[in-house]
Amino acid sequence: MELLPISTPHCRVERDHHVVIVTMNRPEARNALSSDMLIGMASAWAYVSAEPDVRVAILTGAEGTFCSGADLKAMSAPPSDPEVVARGEKIANYHWKGLLREDLPAKPVISAVEGYAVAGGTELLVGTDLRVVAESATLGLFEARRALFPMGGSAVRLPRQIPYCHAMDLLLTGRSVTAAEALAMGLVNRVVPDGGALDAARELAASVAAAGPLAVQAILRTYRDTQGLAEAEALKVSDELGWPVIGSEDAKEGTRAFREKRPPTYRGR
């Protein structure tokens, strides 16, 4: 595991071959969001998109907690590290980018959740593509209960991801949700024993990384680029993105590997 120099005190970014692991690292505050953390996360997502050999990312939290939401004071105050401050000045809208609200990574992001993933923590989860949650984890969007608004995008995204009545239940009541409830709603993919979320996420990441990277990225982009389009228009976008994948070297390698009954070696071209 390689610790990347884009890490900050509140955000540890590591790489293990095709997989980048982003850890919210403020356990003394239950990994509540800070400007330092968001700058680190925004840097991590840009790195994931830019590095050709990175195929998937995992977002998790340090010491048994995912994220307890926004620390408004820490989010408005500049980081203590001058180098992190300078980096933040170069990243437009780093708050929104760190929160996975805009400029989403070109590769899939898997959330690995232990403990609390509430308010901004659930908003981060809603911004990820695959979600692994420990059985005693607590999720919820508490903003309405506190006369606030979920600015991370969940008021728009959640009703598009799960049935309307479940989304409104979470958004309008501000109640907490267990892992089992989240699974039944379709909000998460897997519930695993406590302490096992990151290991399970890494197994899932290995499966994604073993697939053809061009195919994975094109599928992800097709979903994002066709939101709100009529089917006929969406299919045009799908074809524009899909045909180059079909004609790629990786596609030929996948066919050969299947025929020869061996694991494929994809090179992203």
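Leaving aside its neighbours within four places in sequence, T122 touches A117, L139, G140 and L141. Keep in mind that this is a predicted model. T122 sits in helix α5, which covers residues 120-126. Is T122 buried or exposed? With a relative accessible area of 2%, T122 is buried, because anything under 20% counts as buried.

Now for a pair of helices. Two packed helices are described by the angle between their axes and the distance between the axes. The axes of α1 (residues 35-50) and α3 (residues 82-90) come within 10 Å and cross at roughly 60°, so α1 and α3 are oblique to each other. The crossing of α1 past α3 is left-handed. Which residues make the contact? On the α1 side they are D36, I39, G40 and S43, and α3 brings V84, R87 and G88. By type, the residues of this contact split into two nonpolar, three polar and two charged.

Last comes α9, at residues 197-210. Helix α9 has 14 residues and spans 20 Å from its first C-alpha to its last, close to the 20 Å expected at 1.5 Å a residue. Its buried residues are A197, A200, A201, L204, A205, V208 and A209. An α-helix has 3.6 residues a turn, so residues three or four places apart point the same way. What do the buried residues of α9 pack against? Here are the partners:

| Partner of α9 | Residues |
|---|---|
| β3 | 19-24 |
| β4 | 56-61 |
| β5 | 109-113 |
| β7 | 130-134 |
| β10 | 190-192 |
| α10 | 213-225 |

Technical notes: Residues numbered from 1 in each chain as written. Predicted model: local features only at pLDDT ≥ 70, side-chain atom pairs only at ≥ 80, totals over all residues. Heavy atoms only, no water. Axes fitted to C-alpha atoms, helices over the stretch in contact; angles between N-to-C directions. Helix = DSSP H or I, 4+ residues; strand = E, 2+ residues; numbered from the N terminus. Parallel < 35°, antiparallel > 145°, perpendicular 65-115°, else oblique. Left-handed = near helix turned anticlockwise from the far one by under 90°. Contact = heavy atoms within 4.5 Å. Nonpolar A, V, L, I, M, F, W, Y, C, P; charged D, E, K, R; others polar. Expected span 1.5 Å × (residues − 1). Buried < 20%, exposed > 50% of the residue type's maximum accessible area, 1.4 Å probe, protein only.
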